[in-house]
Amino acid sequence: MEPFVRLTAVAAPLDLPNIDTDRIIPARFLRRPRESGFGPLLFHDVRFDAGGGERADFVLNRPAYRGAGVLVTAENFGCGSSREMAVWALLDYGIRVVIGPGFGDIFFENCFKNGALAIVVAAETAAGLRRMLAERPGATLTVDLEAQTIAGADGPPIRFEVDAFRKHGLLTGRDELALTLEQLPAIEAFEARRRVEMPWLG
Amino acid sequence: MASPPRTMFEKIWTRHVVAEGPGGQMLLYVDRHLLHEGSTHALERLERKGRPVRRPEACVATADHYVPTAPGAGEIADPEVRRMVADLGRHTGRLGITFFGRGEPRQGIVHVIGPEQGVTQPGILLVCGDSHTATHGAFGALAFGVGSTEVEHVLATQCLWQRKPRVMRITVTGARPFGVTAKDVILSIIARIGAGGGVGHAIEYAGPVIRAMSMAERMTVCNMSIEAGARAGMVAPDETTYAYLEGRPFAPRGAMWSGALAHWRTLPSDPAAVFDREVTLDAAEIAPTVTWGTSPQDALPITGRVPDPAAMGDPARRASVERALAYMGLTPGAPLAGIPVSRVFIGSCTNSRLEDLRAAAGVARGRRATVPAWVVPGSGGVKRAAEAEGLDRVFADAGFEWREPGCSMCVGMNGDTAAAGERVASTSNRNFEGRQGQGARTHLMSPAMAAAAAVTGRLTDVRTLA
């Protein structure tokens with residue numbers, strides 16, 4: 001996993017609440033191999049029309065937001081299906097940070113497992129950022145994971161919370177599997193105890 | 001000193017902690033892991049890395065998302081889909097994982113076959129790379145959906161890093177009025193707390209209405225927890241649970257059964273347990289329910305009308321409803337009953353069990369479908385049991401199509417999709433834009449309501465057909 005430390009990039013606002021992972025990437029694309037690249041599939045059916053042409057009204061198709069590296073969303077972004085391809089599509093497009101008032105729990109987890117940073121901020125903070133980005137198309141945000149801050153062109157940086165486990169994972173790009181396997185003695189001890197206490201589970 | 005009162009969630013969680021990590025993360029032990037074609041990505045990554053699967057005997061796999069459901073379907077036509085299904089067979093064979101593949105009599109939707117086979121048991125921690133895994137919480141298990149990286153992690157370590165969620169209790173009081181099903185109860189709950197209302201929570205469903213439900217009904221309720229944002233939904237185990245489980249192929253037997261039962265009886269939340277949030281609904285206020293929009297929270301009684309965005313004060317809410325109505329092709333203020341539908345889908349991990357099919361057949365019997373209507377049983381077991389009761393004949397006589405088990409038109413991955421602009425009365429769990437096909441419009445409802453829509457060709461209050 002590629003480490004994430006700090007990013008300055010164009011940020012795009014998405015005002016609709018409850019954007020589900022089906023909308024981030026439709027089910028018919030999920031069978032594709034990881035290597036095939038999921039960037040062109042991001043938000044496919046709202047980004048492109050039936051003929052494959054770009055829909056001019058979709059935010060990432062507007063010249064100023066094209067190639068955004070940060071998304072600022074409304075409530076419950078990434079709700080619904082557990083498909084990890086939703087995060088792959090964001091990453092392959094070039095978006096490494098999503099900022100919003102709340103995310104689908106599984107999507108949120110999937111972000112950190114893939115080197116993307118999902119940041120929960122207060123609803124008013126997210127709304128303020130979206131308003132600023134709409135007023136100043138092409139504005140950039142700097143997201144500093146080490147310092148846990150989001151900074152725009154003006155105003156004081158916004159402080160955000162991230163748990164130490166996830167932060168360390170992103171900063172180092174660590175292999176979580178290897179980390180867990182270090183706990184093997186604890187896992188084995190647990191299994192031995194479980195065989196005695198709950199033998200019906202095998 | 002007596003230990004403080006604990007919730008069922010707390011009891012099960014504590015029992016599964018292997019180690020504590022930084023930031024409040026806990027390494028949890030996974031008792032059972034269910035796999036489907038979508039899990040193949042994770043199996044492939046493990047093979048490439050040369051990592052073994054820690055406990056193949058704790059896994060059960062089935063083919064559901066991508067299998068064709070057309071009656072008598074032969075070879076899978078699409079080479080990519082054929083490969084997905086074949087690869088799962090190859091990996092499970094290589095690893096010695098139990099696999100119910102195509103043509104296997106026990107094959108079916110992963111959230112139907114787990115309980116049906118007795119794999120799902122009270123007190124266990126069960127995961128699956130599918131967001132509807134909360135279904136298994138109906139047995140008093142802690143069950144939740146995970147992403148593909150987490151699937152790989154569980155396969156390799158039998159463990160998962162998790163942060164403890166908060167716990168919400170949703171109590172449904174009173175008794176269900178005539179014609180009100182488990183689906184109406186859960187749609188009403190989601191409408192009340194919202195599509196994000198359960199984020200960061202595990203939900204325990206409680207109260208006399210839940211207590212009186214069958215296992216199939218409890219599964220319908222727990223199944224849609226994720227539609228309210230909650231990764232896990234649970235119901236305390238009781239005699240209904242034990243009676244359902246006893247004698248199932250993977251359930252404990254003999255002395256093991258007695259030991260398990262003694263443990264299961266300790267699981268329900270202590271009477272004085274404190275929940276982070278409490279929500280109460282009165283069942284008397286619940287009516288047969290349908291969705292009108294593109295989020296499961298957009299649910300109203302069938303006697304209601306399409307909402308009018310112009311009457312909404314919050315501009316964000318107004319814009320969201322305007323967009324949903326434009327996608328759904330609905331006029332503000334129009335009565336929901338009477339909206340014409342193009343087709344009907346009865347199936348999915350929410351509503352494809354024997355009781356669901358009986359309810360739909362009860363409405364279909366002696367009537368005729370006026371639009372294409374599919375019935376997709378949840379598993380081979382459900383299909384055979386339904387046929388033994390003659391339900392397939394009831395459906396066939398009423399002009400409904402009786403199909404093979406699978407996820408089918410709930411998610412459309414196997415090609416079972418509705419066309420753009422088609423309006424589907426569906427017993428599935430998601431009415432998202434494009435969920436049942438690009439441009440397809442979904443109205444969620446119970447099996448009886450879907451059957452009523454099939455015979456009238458319109459969204460219909462099933463109580464008026466009785």
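The C-alpha centres of domain 1 and domain 2 of chain B lie 28 Å apart. This arrangement, like everything described here, comes from a predicted model. Domain 1 of chain B is made of two stretches, 8-163 and 229-267, while domain 2 of chain B covers 289-464. Each side brings residues to the contact: 22 come from domain 1 of chain B and 22 from domain 2 of chain B. On the domain 1 side, helix α4 (residues 110-117) of chain B supplies the largest share, with four residues.

Helix α2 (residues 40-49) and helix α5 (residues 148-157) of chain B have axes 8 Å apart and pack at an angle of about 55°. An angle of this kind makes α2(B) oblique to α5(B). Their crossing is right-handed. From α2(B), the residues His41(B), Ala42(B), Arg45(B) and Leu46(B) meet Ser148(B), Val151(B), Glu152(B), Leu155(B) and Ala156(B) of α5(B). Sorted by class, this contact has five nonpolar, two polar and two charged residues.

The second pair joins helix α12 (residues 354-364) of chain B with helix α15 (residues 447-456) of chain B, whose axes come within 8 Å and cross at roughly 30°. Angles under 35 degrees count as roughly parallel, and α12(B) and α15(B) are therefore roughly parallel to each other. Here, too, α12(B) passes α15(B) in a right-handed crossing. The α12(B) side consists of Asp356(B), Ala359(B), Ala360(B), Gly362(B), Val363(B) and Ala364(B). These residues meet a set in α15(B) that includes Pro447(B), Ala448(B), Ala450(B) and Val455(B). The contact of α12(B) with α15(B) has 11 nonpolar residues, one polar residue and one charged residue.

Val411(B) sits in the loop between β17 (401-402) and β18 (423-426) of chain B. Val411(B) counts as buried because 27 C-beta neighbours lie inside 10 Å, where 20 or more are needed. The C-alpha atoms of Val411(B) and Gln436(B) are separated by 5.7 Å, although the two residues are 25 residues apart along the chain. With neighbours within four places in sequence left aside, Val411(B) is in contact with His65(B) and Arg435(B), and also with Ala27(A).

Terms used:
Residues numbered from 1 in each chain as written. Chains lettered and ligands numbered in written order. Predicted model: local features only at pLDDT ≥ 70, side-chain atom pairs only at ≥ 80, totals over all residues. Axes fitted to C-alpha atoms, helices over the stretch in contact; angles between N-to-C directions. Helix = DSSP H or I, 4+ residues; strand = E, 2+ residues; numbered from the N terminus. Parallel < 35°, antiparallel > 145°, perpendicular 65-115°, else oblique. Left-handed = near helix turned anticlockwise from the far one by under 90°. Contact = placed C-beta atoms within 7 Å. Nonpolar A, V, L, I, M, F, W, Y, C, P; charged D, E, K, R; others polar. Buried ≥ 20, exposed ≤ 12 C-beta atoms within 10 Å, placed from the backbone. Domains from an automatic or database assignment.
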